[in-house]
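Please look through the sequence and the model with care before reading on.

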Amino acid sequence: MPTYQLEPDLATPEFLDLLERSTLAERRPINDPQRIEAMLRHADLIVTARDGELLVGISRALTDYSYCTYLSDLAVDVAYQRQGIGKELIRRTHEAGGQQTNLILLSAPQAVEYYPHIGMTQHPSCWIQRSESS
């Protein structure tokens, strides 16, 4: 059973390692450690799941604490998936960001079927203007 906590000072190497073990690395700038560091430092909420000392899950979010919480990263180590860790990270992130906020996320292609399973509703319109470095 993992332990969960707010971890605003999470180390960049640990985050990078988990991104690799979760497959989220495919869609993150893992070859740019400074950018990864900035992603961590500018997040409003970082909720982690650990098995002992090992980081096995993370939720990284931006929030205004009153209307919306954007869950920008949800990653769970492949070896720890299907144990409810992602669902618990989402719950704790929403709680910390404010239960009155709308929790918003963009799904990884492989996870599209997961979110309705845990009670989330798909939004019909989302618009993205990609950066040149994405």
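Predicted model: local features only at pLDDT ≥ 70, side-chain atom pairs only at ≥ 80, totals over all residues.

Helices (H or I, at least four residues) and strands (E, at least two) are DSSP runs, and they are numbered from the N terminus. Residues are numbered from 1 along each chain as its sequence is written, and side-chain values use heavy atoms, with hydrogens and water left out.

In general, an α-helix has 3.6 residues a turn, so residues three or four places apart point the same way.

Just after helix 1 comes Thr23, which takes a positive phi of about 80 degrees and lies in the loop between helix 1 and helix 2. Most residues other than glycine have a negative phi. Thr23 counts as partly exposed, at 32% relative accessibility. Arg82 also has a positive phi, near 70 degrees, in a residue other than glycine, and at 87% relative accessibility Arg82 counts as exposed.

The strands can be followed next. Strand 3 and strand 4 pair in the antiparallel sense over seven bridges, where two strands are said to pair if DSSP finds at least two bridges between them. In this pairing, Arg60 stands opposite Asp73 of strand 4. The hairpin of strand 3 and strand 4 has four residues between the strands, and in this hairpin Tyr65 takes a positive phi near 65 degrees. Strand 4 also pairs with strand 5 (residues 102-104), in the parallel sense and over three bridges, and Tyr70 has Ile104 in strand 5 as its bridge partner. From strand 4 the chain crosses through helix 3 to strand 5, and this β-α-β crossover is right-handed, a term used if, with the strands pointing away from the viewer, the path from the first strand over the helix to the second runs clockwise.

How many residues of strand 4 are buried? Seven of its nine residues are, which leaves strand 4 mostly covered. Ser72 has its place in strand 4 and is buried, with a relative accessible area of 12%. If residues up to four places away in sequence are not counted, Ser72 touches Arg28, Arg60 and Ala61, where contact means heavy atoms within 4.5 Å.

The interior can also be described through its nonpolar cores, each being a set of buried Ala, Val, Leu, Ile, Met, Phe, Trp, Tyr and Cys residues joined through side-chain atoms within 4.5 Å. The largest of these has 17 residues, and those with the most contacts inside it are Ala49, Leu71, Leu74, Ile85, Leu89, Ile90 and Tyr115. The elements giving two or more residues to this core are strand 2 (45-51), strand 4 and helix 3 (85-97). A second, separate core of 15 residues includes Phe15, Ile36, Met39 and Leu55.

Tyr115, at 11% relative accessibility, counts as buried. Leaving aside neighbours within four places in sequence, Tyr115 is in contact with Leu74, Ile90, Leu105, Ser107 and Met120. Met120 lies in the segment after helix 4 (114-117) and counts as partly exposed, at 22% relative accessibility. With the neighbours within four places again left aside, the contacts of Met120 are Ile90, Leu103, Leu105 and Tyr115.

Methods
Buried < 20%, exposed > 50% of the residue type's maximum accessible area, 1.4 Å probe, protein only.
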